[in-house]
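Dear colleague,

I am handing over the structure below, and after it you will find notes on what turned up when I went through it. Please read them with the model open beside you.

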Amino acid sequence: MTQDITTDDKYDIRYTEPSDLTELAYMMRQEGNQMWFPVSDEKELELLCRNWMSYTRYKCSLTALYEGKVVGIGTLFLSPYKKVAYLAQMYVLVDKEYQKRGIGSSLVKNLKHLGKNYFKLETLHFELYGNCPMTNILKEHGFHQVVFQDKYFQKEGEYYPRTLYEVALA
């Protein structure tokens, strides 16, 4: 692993703002990053980014900054339905240039804390596609695999699996 920057004074986390949409879309378009999400074209990417940013109004999304630059965004996708309001899905995306520097782990840790203490969530889910490098981070934070679906989506004639991880917050 490259140097962990999350203990540096230049690193900070704040609530995500709607204006972070530009940075989210930029990170999503970076080579290799889009691979970890089931979007197949620019229109779907824009829809995913707008949907992701729609959660900013609930203060359930966090943005990681290094030297004032957005380097990662993580969000709890809260459910609007009371029957399942005790759980949420979570996504994390880190700028390619800053990956393997502790940011993904920092966002996961802070989202778990936010989910448990502010939203009173009991369970978090994290969906991974293909051989996403987030697997190790999730395991370090207590997530375990609950579902594996081979050939979940197809892109350019190749099939990719989906793995669902879960962690209890209670």
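A residue is called buried when its relative accessible area is under 20%, exposed when that is over 50%, and partly exposed in between, using a 1.4 Å probe and protein chains only. With 2% relative accessibility, Asp20 therefore counts as buried. Before going further, please note that this is a predicted model, in which local features need pLDDT of at least 70 and side-chain atom pairs count only at pLDDT 80 or more, while totals for chains, interfaces and linings use all residues. Residues are numbered from 1 along each chain as its sequence is written, and side-chain values use heavy atoms, with hydrogens and water left out.

Asp20 sits in the loop between strand E1 (11-15) and helix H1 (21-29), where helices (H or I, at least four residues) and strands (E, at least two) are DSSP runs numbered from the N terminus. Leaving aside residues up to four places away in sequence, Asp20 touches Arg14, Met53, Thr63, Val70 and Ile73, contact meaning heavy atoms within 4.5 Å.

Turning to the aromatic rings, rings of Phe, Tyr and Trp (its six-membered ring) pair if their centres lie within 6.5 Å, and planes under 30 degrees apart count as stacked, over 60 as edge-to-face and the rest as tilted. By this rule there are 12 aromatic pairs. One of them joins Tyr129 and Phe153 edge-to-face, at 5.6 Å centre to centre and with 75 degrees between the planes. Because Tyr129 lies in strand E5 and Phe153 in strand E6 (residues 144-155), this pair ties together parts that are 24 residues apart in sequence. Phe153 also pairs with Tyr160, and as their ring centres are 5.3 Å apart and their planes at 25 degrees, that pair is stacked. Elsewhere, ring pairs link Phe37, Trp52, Tyr55, Tyr58, Phe77 and Tyr91 into a cluster.

Charges also sit over rings, which here requires NZ of Lys or CZ of Arg within 6 Å of the ring centre and within 35 degrees of the ring normal. Lys151 lies over the face of Tyr159, at 5.5 Å from the ring centre, and Arg162 lies over the face of Tyr152, at 4.7 Å.

With kind regards
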